Amino acid sequence: MPHPELLARLWPASALRVTSGDLELRWIDDEILVELAELAGRGIHDPADMPFEHPWSRGTADEVGRSVLTYQWSARTQVTRDRFALELAVLHDGRPVGIQGLTARDWPVLRSVQTGSWLGREHQGRGIGTRMRVMALHLAFDGLGADEATSGAFADNPASNAVSRRVGYQPDGAVRVARDGVAVAHNRYVMSRERWASLRSEHAALLGAPVAVTGARSFRTQIEGATTER
Ligand SMILES: CC(C)(COP(=O)(O)OP(=O)(O)OC[C@H]1O[C@@H](n2cnc3c(N)ncnc32)[C@H](O)[C@@H]1OP(=O)(O)O)[C@@H](O)C(=O)NCCC(=O)NCCS
């Protein structure tokens with residue numbers, strides 16, 4: 001990227017970083033995006049499963065990769081005062097392995113962040129999904145001053161449900177969602193700011209390395225205007 005400092009001033013989201021040990025969450029530039037698109041094309045889940053409401057992960061490798069490109073290119077513009085879709089690359093030892101998203105609507109009023117994520121299949125089942133969720137919570141609560149974080153997963157997605165439970169979310173009921181023309185239970189989870197604060201030592205143990213957020217103060221000027229300390 002030729003002008004990172006200039007971009008950081010104009011678009012503070014581009015300078016956000018969350019690091020912990022060998023994992024990093026960061027803004028998705030085009031170089032990283034192409035690698036993520038290629039990774040997704042190699043597979044995110046068993047073809048018989050569908051973890052997403054919109055089945056973007058089904059198709060040829062190039063179709064799936066193209067879905068990642070178009071979704072991420074459109075998400076880039078969705079960082080405004082009031083609402084944001086913050087899509088962050090997950091880097092393991094410097095290599096892109098997946099995406100951790102944080103979205104919010106009516107942010108100044110609700111201060112509620114919803115998370116969503118995926119990892120390339122070859123990177124799943126090694127604890128990365130759990131660690132990146134803890135890092136996303138750290139960004140939400142400590143970096144952005146959220147009051148609440150929510151997540152959701154289809155009942156037939158054991159890994160995603162396991163991550164939410166292990167990280168300490170509280171179950172928040174289930175809704176029926178139309179997926180591939182069938183009504184499927186979608187579990188909801190919630191983490192309050194108070195609960196997150198009470199789980200600090202558990203989260204430190206899950207991470208196994210200190211977590212650091214950079215660029216949050218500047219990012220908050222992008223989504224809130226003048227920064228209010230929380
Ligand atoms: C969901 C996802 C991000 C989790 O990341 P991950 O690195 O695989 O998760 P972790 O290794 O940190 O933890 C996975 C947990 O799921 C459990 N798990 C995985 N597959 C399971 C299965 N088939 N049955 C039961 N538990 C399972 C693991 O045992 C582990 O739980 P534990 O720590 O209590 O033992 C990743 O699997 C993924 O990208 N899946 C496809 C896309 C997706 O589902 N995205 C979320 C949409 S809501």
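A crossing of two helices is right-handed if the near helix is turned clockwise from the far one by less than a right angle. In this predicted model, the crossing of α5 and α6 is right-handed.

**The helix pair**

Two packed helices are described by the angle between their axes and the distance between the axes. For α5 and α6 the angle is about 55°, and the axes lie 10 Å apart. The residues that make the contact are listed here.

| Helix | Contact residues |
|---|---|
| α5 | Gly129, Thr130, Arg133, Val134, Leu137 |
| α6 | Ser160, Val163, Ser164, Arg166, Val167 |

By type, the contact residues of α5 and α6 comprise 4 nonpolar, 4 polar and 2 charged.

**The nonpolar cores**

In soluble globular proteins, nonpolar side chains tend to be buried together. Here the largest nonpolar core has 40 residues. Phe84, Leu86, Met191 and Phe219 touch the most other members. Several elements each supply at least two residues, among them β3 (84-92), β8 (182-192), α6 (158-167) and α9 (216-224). Helix α5 gives the largest share, 9 residues.

Which residues does Phe84 contact, leaving aside its neighbours within four places in sequence? They are Gln78, Val79, Leu102, Thr103, Ala104, Trp107, Val113, Leu144, Phe219 and Ile223.

A second core is separate and has 17 residues. Its members include Ala37, Ala40, Met50 and Phe52.

Terms used
Residues are numbered from 1 along each chain as its sequence is written. This is a predicted model: local features need pLDDT of at least 70, side-chain atom pairs count only at pLDDT 80 or more; totals for chains, interfaces and linings use all residues. Side-chain values use heavy atoms; hydrogens and water are left out. A nonpolar core is a set of buried Ala, Val, Leu, Ile, Met, Phe, Trp, Tyr and Cys residues joined through side-chain atoms within 4.5 Å. Buried means under 20% relative accessible area, exposed over 50%, partly exposed in between (1.4 Å probe, protein chains only). Helices (H or I, at least four residues) and strands (E, at least two) are DSSP runs, numbered from the N terminus. Contact means heavy atoms within 4.5 Å. Axes are lines fitted to C-alpha atoms, for helices over the stretch in contact, and angles run from 0 to 180 degrees between N-to-C directions. Ala, Val, Leu, Ile, Met, Phe, Trp, Tyr, Cys and Pro count as nonpolar, Asp, Glu, Lys and Arg as charged, and the others, Gly among them, as polar.
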